[in-house]
Structures are given as C-alpha cells and as structure tokens.
Amino acid sequence: MQTGDILKRVLATGTFDLLHPGHLFFLEEAKKLGDELYVIVARDSKIEHKPRPIVPEKQRAKMIAALKIVDHAILGSENDIFEPLKKIQPDVIALGHDQVFDSDKLKEELAKRGFKPEIVRIKKSESCEFCSSGSIIKEILKRNGKRD
C-alpha cells in the first residue's frame, strides 16, 4: 500500500464469548476480504438469540482488540446495531457460517440507512474439538460432574 491508497474496510461482528479457534478462523477469513478489519463486539443487552455471555462485554472487546489480525475493535451500540457503521463505513461485512443474520434482509436494512457494503458469508468453519463456546462449556461441565 502506498500513501493515499484507499483501504478496503471489512467489518465482522459477534459475541466472542470464550474466545476459541473458531473465532480466530472467522476473523482471519474476514481479514482476507480487505485491508482493515473492524470488529464490533455485541453488547450483553443486545444478545437475544443465545444464552447470555459468560465473559463481560468489556473483557470480550479487550480480548478481540488484542488479536493481531484485528485492526479496530469496539463495543456495539446499546441503541441501534447499525449506529457504529456511520463511523466505520465498511466496504464489506463478513458474516460467520453460523450467524443468524439473513443476508438479504441485512442488505435491505443497510440500504435503508444509506450503506451499500458487500455482504460475504464465510461458509467455511474451523473444525476442532473446542471450536465453539458451547463445546467448551459442555466439557467444563462434564469434567466437573455436571450435565447440561
């Protein structure tokens, strides 16, 4: 990159509870889509599609910010999930293979707000024994004699 070159901004979002290799794989794949990787870490109050995170939101954001692959990490908005996009102005939004967003509906909502990023679903996922927060939690419970 030379001075004055326009950077392609990629945005990834997620809860990122109990950081694991699946998260890292998703962020690495997202980074390949552009030059700068912005990550919005979901607020505890906005997570409705799965159990409340174990790790508090500020800690989750700090962990994501510490990753070498991530250029910028922020907490999402308490009011409107689209609010941070005004500042970020992403060229690409990367969605994980298991994220609940409907790509077409998301594109429609973004257009209503004046955003026209490319939406890319990362269809691949890391395949390992503990590549999900759920599998980590189940193993902890198992090792401590509890069942889910």
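Reader: Where does Phe16 lie?

Author: Phe16 lies in the loop between E1 and helix H1 (21–31). Helices (H or I, at least four residues) and strands (E, at least two) are DSSP runs, numbered from the N terminus. This is a predicted model: local features need pLDDT of at least 70, side-chain atom pairs count only at pLDDT 80 or more, and totals for chains, interfaces and linings use all residues. Residues are numbered from 1 along each chain as its sequence is written, and side-chain values use heavy atoms, with hydrogens and water left out.

Reader: Why does Phe16 count as buried?

Author: Buried means under 20% relative accessible area, exposed over 50%, and partly exposed in between (1.4 Å probe, protein chains only). Phe16 has 5% relative accessibility, so Phe16 counts as buried. Phe16 also has a positive phi, about 60°, although it is not a glycine.

Reader: What makes Gln89 partly exposed?

Author: Its relative accessibility is 44%, so Gln89 counts as partly exposed. Gln89 sits in the loop between helix H3 (85–88) and E4. Its phi is positive too, about 50°, and Gln89 is not a glycine.

Reader: How do you know that E1 and E4 pair?

Author: Two strands pair if DSSP finds at least two bridges between them. Strand E1 (residues 9–14) and strand E4 (residues 92–95) have three bridges, in the parallel sense. Ala12 stands opposite Ala94 in E4.

Reader: What is the strand order in the open sheet?

Author: The order is E3-E2-E1-E4-E5, five strands with parallel pairing. Why are E3 and E5 at the edges? Strand E3 (72–75) and strand E5 (118–121) each have a single partner strand, so one side of each is left without a neighbour in the sheet.

Reader: Which strands does helix H2 touch?

Author: Helix H2 (residues 57–66) packs on the sheet, touching strand E2 (36–41) and E3. Contact means heavy atoms within 4.5 Å. The direction of H2 makes about 175° with that of E3. Axes are lines fitted to C-alpha atoms, for helices over the stretch in contact, and angles run from 0 to 180 degrees between N-to-C directions. Helix H4 (residues 103–112) touches E4 and E5, and its direction makes about 160° with that of E5.

Reader: Why do the buried residues of H5 line one face?

Author: The buried residues of helix H5 (residues 133–143) are Ser133, Ser135, Ile136 and Glu139. Seen down the axis of H5, they fall within an arc of 165°, so they line one face of the helix. The arc is that of the directions from the helix axis to the C-beta atoms. H1 is included in what covers these residues. The face turned away carries the exposed residues Lys138 and Lys142.
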